[in-house]
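Hi everyone, thanks for coming. Let's look at a structure together, and please have the sequence and the 3D view open while I talk.

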Amino acid sequence: MGDVDARLSHYKSTLLSILEGANVRTVYDVACANGIDSVMLVEEGYDVTSSDAEEAMVARAVREKESRSGDARFAKWQIGWGDWVDLVEGAKVDHPEGGYDAIICIGNSFAVLPDFEGEGKTHLRALTNFRNLLKPGGVLIIDHRNYDYLIAHKTYPPADYSGLYYNCSRVYNVKNKLIEKAGELVGMVFTGDFDVSGTELEGDSDVFLQERDGKMVPTLKLSDRSCCLHTLKGFETLLEGVFGEGAEHRVLPDFKEDVGDDFVPNYWVHVVVKQALH
């Protein structure tokens, strides 16, 4: 969200290093939104497939591809609708025979998936689909906010909105409603507005004028997002249940390889390798 180059500067080099280290060629971006990360990966020479469960986001990603019709690298970029709980058979894309080298699900996207079935079953189903779409030896890169900090302090870590994915002044009227049950924090709803002044989004049909700092600005309402509060240990357990105890699994705070003991991340980034067949 915000300036593309500013956003990517926080994690691009580490993401590309992970992909290069795993000899990745094919990447499935399962939470592509308007295509920011997918576009970057196509430009870096990867064969990219992208999907999103929101038709509006799919349409924006398609427009991004169309705007680059003169660039041969984008000819093979495949974009379509996809629901994580039925991703193998139901996604409107053609999956490669044998699976993908890598799947990415970043930007706290997984946290917005409700656990429809309870006891984590829906989350396990989605993660199992990710695993099944990977080649043996393929890598899943998936993140979630530092909800441990939120649960403990009922606020985000310092400087959250200038952090990994939120790095511009365009987001305003940000509100986070914390949901408590019997004194325990069990969920969160995120809302906000996005100032699209001077961007290609100004002509979007969903844009409206709204006052900000004493003047009217073209604005997009950010959809209300209800988030599951995945703790670090809880998410590690989910991944272990799907990929197995022996799977290679490392956790990067804010996509950083080396940090001090006092570093408080805004996001935990999990890098999990699907075990090869024996």
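Predicted model: local features only at pLDDT ≥ 70, side-chain atom pairs only at ≥ 80, totals over all residues.

Here is a question to start: which residues are exposed on the other side of α4?

Residues are numbered from 1 along each chain as its sequence is written, and side-chain values use heavy atoms, with hydrogens and water left out.

Now to our helix. Helices (H or I, at least four residues) and strands (E, at least two) are DSSP runs, numbered from the N terminus. Helix α4 covers residues 55-66, and at 1.5 Å a residue its 12 residues should span 16 Å. The expected span is 1.5 Å times one less than the number of residues. The end C-alpha atoms of α4 are 16 Å apart, which agrees.

The buried residues of α4 are M57, V58, R60 and A61. They cover an arc of only 160° around the axis, which puts them on the same side of α4. That arc is taken from the directions from the helix axis to the C-beta atoms. On the other side of α4, the exposed residues are E55 and E66, and there is the reply to my opening question. When I say buried, I mean under 20% relative accessible area; exposed is over 50%, and partly exposed is in between (1.4 Å probe, protein chains only).

What do the buried residues of α4 pack against? They pack against the strands β2 (47-52), β3 (78-81) and β9 (215-227). A33 is in contact (heavy atoms within 4.5 Å) with D52, M57, V58 and A61, leaving aside its neighbours within four places in sequence. At 26% relative accessibility, A33 counts as partly exposed.

Next, please turn to helix α2, residues 12-21. Its buried residues are T14, L15, L16, I18 and L19. Among the elements that they pack against are β1 (26-29), α3 (36-43) and β11 (267-273). After α2 comes N23, with a positive phi near 55°.

Two of those α2 residues come back in the largest nonpolar core. A nonpolar core is a set of buried Ala, Val, Leu, Ile, Met, Phe, Trp, Tyr and Cys residues joined through side-chain atoms within 4.5 Å. The largest has 31 residues, and L15, L19, V27, L41, Y46, I141 and F255 touch the most other members. At least two residues of this core come from each of α2, α3, α4, β4, β5 and β11. Which element gives the most? That is α3, with five residues. In soluble globular proteins, nonpolar side chains tend to be buried together.

To see one member up close, select L19: setting aside neighbours within four places in sequence, L19 is in contact with V24, V27, L41, Y46, A102 and I141. There is also a second, separate core of 26 residues, including W84, L127, L140 and A247.

Now for strand β11. Seven of its seven residues are buried, so β11 is largely enclosed by the rest of the structure. Y267, V269, V271 and V273 cover one side, with W268, H270 and V272 on the other. Strands pair if DSSP finds at least two bridges between them. β5 and β11 run antiparallel and are joined by seven bridges, with R145 partnered by Y267. β10 also pairs with β11 in the antiparallel sense, over five bridges, and there R250 stands opposite V271.

Last topic: charges. Side chains of opposite charge can pair when their charged atoms come close. A salt bridge here is a side-chain nitrogen of Lys or Arg within 4 Å of a carboxyl oxygen of Asp or Glu, and the whole structure has 11 of them. In one, the closest N and O atoms of D47 and K76 are 3.1 Å apart. That pair links strand β2 with the loop between α4 and β3, 29 residues apart. K76 is exposed, with a relative accessible area of 62%.

D204 lies in the loop between β7 (184-195) and β8 (208-212) and R63 in helix α4, so the pair ties together parts that are 141 residues apart in sequence. D204 counts as buried, at 15% relative accessibility, whereas R63 is partly exposed at 42%. Salt bridges that share partners join R60, R63 and D204 into one network.
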